[in-house]
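Please open the model in a viewer and keep the selection tool at hand. The stops below are arranged so that each selection leads to the next.

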Amino acid sequence: MSDRAEPRGRRSARLPWYGEGLRFSCLPGCGACCTKHGDCDWVYLEGDDAERIAAHLGLTREEFLERRCEKEDGLDVLRMDGPDCPFLEGSSCAVYAARPRQCRTFPFWRENLRTRSAWEKLHEFCPGIGAGEPHSLEAIRARLDEESAG
Ligand code: SF4
Ligand code: SF4
């Protein structure tokens, strides 16, 4: 690899719009993203989510899927009997240590990072967007990789 500095313009052109990082901190006592809002109606279970949450609750995967989940477009989702996630207790998550990947990786989802305006729109319900802790490009990419992991 050449040790010559890459022209600044070329390097910048390859960076996504959030190349200099983004600010986000989850605010204690909020819980707004655990309630239906906008187009977000479901908590999807992917990869080993169901198995992990089942173990956290002392259930087998099959028991958990039967008692607490349903299918939406062929995918496993938490059964929502109201606007709130069934694991939302007050403003806390009852399965926080085992929460689904969707919840762990929010708000660093591909769809939210597609454009700056998509990111900024999240602020309509999430007060942590654009505030608090800085997240570097590398950290954001790691979250995107986690979101995409099978
Ligand atoms: S809406 Fe944002 S600040 Fe509120 S609980 Fe969710 S991630 Fe945290
Ligand atoms: S599983 Fe927990 S973090 Fe995820 S939506 Fe439900 S209450 Fe919120």
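**Conventions**

The model is a predicted one, in which local features need pLDDT of at least 70, side-chain atom pairs count only at pLDDT 80 or more, and totals for chains, interfaces and linings use all residues. Residues are numbered from 1 along each chain as its sequence is written, while chains are lettered from A and ligands numbered from 1 in the order in which they are written.

**Stop 1: the whole protein**

Colouring by secondary structure shows seven helices and six strands; helices (H or I, at least four residues) and strands (E, at least two) are DSSP runs, numbered from the N terminus. Read from the N terminus, the order of elements is α-β-α-α-β-β-β-β-α-α-α-β-α.

Of the 150 residues, 14% count as buried. Here a residue is buried if 20 or more other C-beta atoms lie within 10 Å of its own, exposed if 12 or fewer, and partly exposed in between, with C-beta atoms placed from the backbone. Among contacts with a separation of 6 or more, 69% come from residues 24 or more positions apart; two residues are in contact if their C-beta atoms, placed from the backbone, lie within 7 Å.

**Stop 2: helices α2 and α3**

Select residues 49-57, helix α2, together with residues 61-68, helix α3. Their axes come within 8 Å and cross at roughly 90°; axes are lines fitted to C-alpha atoms, for helices over the stretch in contact, and angles run from 0 to 180 degrees between N-to-C directions. The two helices are therefore roughly perpendicular, the class for 65 to 115 degrees, whereas angles under 35 count as roughly parallel, over 145 as roughly antiparallel and the rest as oblique.

Next, show the contact residues: A50, E51, I53, A54 and L57 in α2 meet R61, E63, F64 and L65 in α3. By class, this contact comprises six nonpolar, no polar and three charged residues. In this scheme Ala, Val, Leu, Ile, Met, Phe, Trp, Tyr, Cys and Pro are nonpolar, Asp, Glu, Lys and Arg are charged, and the others, Gly among them, are polar.

Now centre on F64 in helix α3. Is F64 buried or exposed? F64 counts as buried because it has 23 C-beta neighbours inside 10 Å. Leaving aside residues up to four places away in sequence, F64 touches A50, I53, A54, L57, L59 and C69. The C-alpha atoms of F64 and I53, eleven residues apart along the chain, are separated by 8.0 Å.

**Stop 3**

Select residues 69-72 (β2) and 75-78 (β3), which pair in the antiparallel sense over four bridges; strands pair if DSSP finds at least two bridges between them. Along this pairing, E70 has V77 as its bridge partner, and E72 stands opposite L75.

Two residues lie between the strands of the hairpin. D73 is found in this loop, and its phi is near 50°, a positive value in a residue other than glycine. D73 counts as exposed because it has 7 C-beta neighbours inside 10 Å.

**Stop 4: a cis peptide bond**

Select F106 and P107: the peptide bond from F106 to P107 is cis, with omega near 5°. P107 lies in the loop between α4 (101-105) and α5 (110-113).

**Stop 5: two exposed residues**

W17 is placed in the loop between α1 (8-14) and β1 (22-24). W17 is exposed because its C-beta neighbours inside 10 Å number 12. A distance label between the C-alpha atoms of W17 and D49 reads 31 Å.

Moving to helix α7 (residues 137-148), select E138. E138 is exposed, with 8 other C-beta atoms within 10 Å. The C-alpha atoms of E138 and E62 are separated by 37 Å.

**Stop 6: the ligand shells**

Which residues are around ligand 1? They are C26, L27, C30, G31, A32, C33, F106, F125, C126, P127 and G128, a residue being near a molecule if its C-beta atom, placed from the backbone, lies within 6 Å of it. By class, this shell has nine nonpolar, two polar and no charged residues.

Finally, select ligand 2, surrounded by C34, V43, C85, F87, L88, C93, V95, R99, P100 and C103. This shell divides into nine nonpolar, no polar and one charged residue.
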